[in-house]
Amino acid sequence: MIDVQHLYAGYDHDILHDLSFSVLKGEMFGVLGPNGSGKTTLLKAINGTLPGVRGDIAIQGRPITRMTAKETAREMAVLPQHHDVSFSTTVEQTVLIGRYPYQKGLFKQWTNEDYRIAEEVMEQTGVTQFRHQSLLSLSGGERQRVFLAQALAQKPGILLLDEPTNHLDFSYQKQMLDALKQWSLKNGLTVVAIFHDLNLASLYCDRLLLLDQGKVKALQEPEIVLNEQHLSAVYRSDIHVHAHPSFSKPFTNVVPSFNEDKPKSILSPDELDVSKERVYYKSRQPLKCYSSAVLHPGFGWFEEFINVQVDHSFRCDDPAGYLMTEAERWGCQIHRTVGMMTAADVEDVSTEFMENEDFTLLVVVTAGTGNAVDVVHGSSHIQETVPGTINTWVFIDGHLSEQAYAQSLMTATEAKVRALMDMGINDPVTGTAATGTSTDSVLIAGTQQGATLEYGGTISSLGRAVGPAVYKATKEAAARYLNRKEDGI
């Protein structure tokens, strides 16, 4: 659809240097780069409004230099970043200007077809309600949608957009980009758009062109272009890239460089508060957590942790809602709280605390074995939701990699299994060695400061601390549970 070869372009000097790339029909193609990298210059070169361009630009195989202004306008529409609005026209009149390339004869008048198309694109861009209002009376975001409607009224095969979400709030950004993507997929509209928001570009674009000082730094799918090495080098900032939580796309975030005073001693067993109803721990700062908790599972940043005791017969259709109610009753900030529940007596909680040169470790375990299960024979049990019995918290004062989170979770689980095996805990249904209970929960929480802990496997420095601590705490908590059971308490 668009073919650019060995492009040099600029104003009093070249800003773009030897750019070559192609854009396919129906592709949504994003252009990225910091200010001054040549993004807007590139769009002006493609639409033929920049003089002194060297190199070849072709639209559907035709050199743009051989196309008339009207021919270009029928093939390609442009939505610039800024519009000079100094005259008062209605929204409908502004949109109809997009039909100019199709007018014929000396006495140019809008046809029924022109009005039909204007109506269609105003509806698509959500500006129909403004049709009789002056353009000058609209907000910046509303004007942006009007000018998008004007561009679409040209019925182009190619749409060039310079920061299309500029001036738009979040909801209209999504609406516009959803519509553009839909037109691209269903109608074969080719979209070339400049983005400053890397995450929007990642979500909506098929391919990305990353410019650095007028040269191609990377040109590929978002998964390849949006990597930490490319982005940190081009934007001169510390940028982290992760998997998007809902789509198979990269997700970026900037890491601030300011210094924030943080408490030197973060973890302490003295902060643990145990009552007949719950185990409660409050960190002195938010911790990055990964857990199988009932309230706020998965990854997140939290600073309050509750493990609530419930009756063995407890059943609830909304356990997370129940924990929210309980947390509120104790004055917890819900958005900062991880919650678990257990049928074991929480006063039998066991803790292990350890300090070494690189990190501090606090392990907290509540344990009961009434619903012990051998993982190999899980199918022998009735599937039902019951309160968690062995709940394990592992707090680490150190900077954990994502690998360390996963490995620490495995190490803690292996230590729990070994503790049950050494205690001779069996699955009551099959009589075989139990590996846990049917609804165990585990939490790994890191302060993300201090020493970098890359690994958490069993023989890593972190794993050598986590494994024995979880093993010892699990045995102690389970033993207290069994003693209480034997005593009939």
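Predicted model: local features only at pLDDT ≥ 70, side-chain atom pairs only at ≥ 80, totals over all residues.
Local features rest on pLDDT of at least 70 and side-chain atom pairs on pLDDT 80 or more, while totals for chains, interfaces and linings take in all residues. Residues are numbered from 1 along each chain as its sequence is written, and side-chain values use heavy atoms, with hydrogens and water left out.

Helix α9 spans residues 228-235; helices here are DSSP runs of H or I with at least four residues, strands are E runs of at least two, and both are numbered from the N terminus. His230, Leu231, Val234 and Tyr235 of this helix are buried, where buried means under 20% relative accessible area, exposed over 50%, and partly exposed in between (1.4 Å probe, protein chains only). Looking down the axis of α9, the buried residues fall within an arc of 95°, so they line one face of the helix; the arc is taken over the directions from the helix axis to the C-beta atoms. At the start of α9, a side-chain oxygen of asparagine 227 comes to within 3.0 Å of the backbone nitrogen of glutamine 229. After the helix comes arginine 236, with a positive phi near 55°.

Turning to the helix pair, α4 (residues 112-125) and α5 (residues 140-153) have axes that come within 9 Å and cross at roughly 140°. Axes are lines fitted to C-alpha atoms, for helices over the stretch in contact, and angles run from 0 to 180 degrees between N-to-C directions. The two helices are therefore oblique to each other (under 35 degrees is roughly parallel, over 145 roughly antiparallel, 65 to 115 roughly perpendicular, and the rest oblique). Within α4 sits aspartate 114, buried with a relative accessible area of 5%. Aspartate 114 and tyrosine 102 are 12 residues apart in sequence and 8.8 Å apart in space, C-alpha to C-alpha.

Glutamine 154 lies in the loop between α5 and β7 (158-162), and at 13% relative accessibility it counts as buried. Its side chain reaches the backbone oxygen of alanine 73 at 2.7 Å and that of methionine 76 at 3.3 Å.

As for cysteines, the structure holds zero disulfides (a disulfide being a pair of cysteine sulfur atoms within 2.5 Å). Cysteine 289 is in no disulfide, and the nearest cysteine sulfur, that of cysteine 332, is 14 Å away. Cysteine 289 is buried, at 1% relative accessible area.

Conventions. Polar contact = N/O pair within 3.5 Å; in protein donor to acceptor, adjacent residues only side chain to side chain.
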